[in-house]
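Have the picture open while you read.

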Amino acid sequence: MKMHEVATKAVACPHCGENASVSPPGEGTDVKVRRSVAAFGEYTTVTCSQGHTYWVYFC
């Protein structure tokens, strides 16, 4: 039996450069890091240990 592996991608905080991992919704999905939220699109919100909040969009 094969275990299901969750793919993650590394992203860097646009404020301080600290790395974080996010799980895209599908294999082959690209990620774009933004300092502010956009009006549309699938995304997740990340807050680094320095308290910076940023948005990671899935394309």
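Below is a set of questions and answers about the chain shown here.

This is a predicted model, where local features need pLDDT of at least 70 and side-chain atom pairs count only at pLDDT 80 or more, while totals for chains, interfaces and linings use all residues. Residues are numbered from 1 along each chain as its sequence is written, and side-chain values use heavy atoms, with hydrogens and water left out.

Q: How many helices and how many strands does the chain have?
A: Helices (H or I, at least four residues) and strands (E, at least two) are DSSP runs, numbered from the N terminus. Reading from that end, the elements go β-β-β-β-β. So, with that definition, the tally is 0 helices and 5 strands.

Q: Which strand order does the open sheet of 3 strands have?
A: Two strands pair if DSSP finds at least two bridges between them. β3 and β5 run antiparallel and are joined by 4 bridges, with Val 33 standing opposite Val 56 in β5. The pairing in the sheet is antiparallel, and the order is β3-β5-β4.

Q: Why is one side of β3 and of β4 left without a neighbour in the sheet?
A: Strands of a sheet pair through backbone hydrogen bonds, either parallel or antiparallel. Here β3 and β4 (43-47) each have a single partner strand, so one side of each has no neighbour in the sheet, and the place where both stand is at the edges.

Q: Which prolines does Phe 58 touch?
A: Contact means heavy atoms within 4.5 Å. Leaving out residues up to four places away in sequence, the partners of Phe 58 include Val 22, Thr 29 and Tyr 43.

Q: Is Gly 28 buried or exposed?
A: Gly 28 sits in the loop between β2 (19-22) and β3 (31-34). Buried means under 20% relative accessible area, exposed over 50%, and partly exposed in between (1.4 Å probe, protein chains only). Gly 28 has 64% relative accessibility, so the word for it is exposed.

Q: What share of the 59 residues count as buried?
A: The cut-off is the one under 20% relative accessible area. Applied to the 59 residues of the chain, the buried share is 20%.
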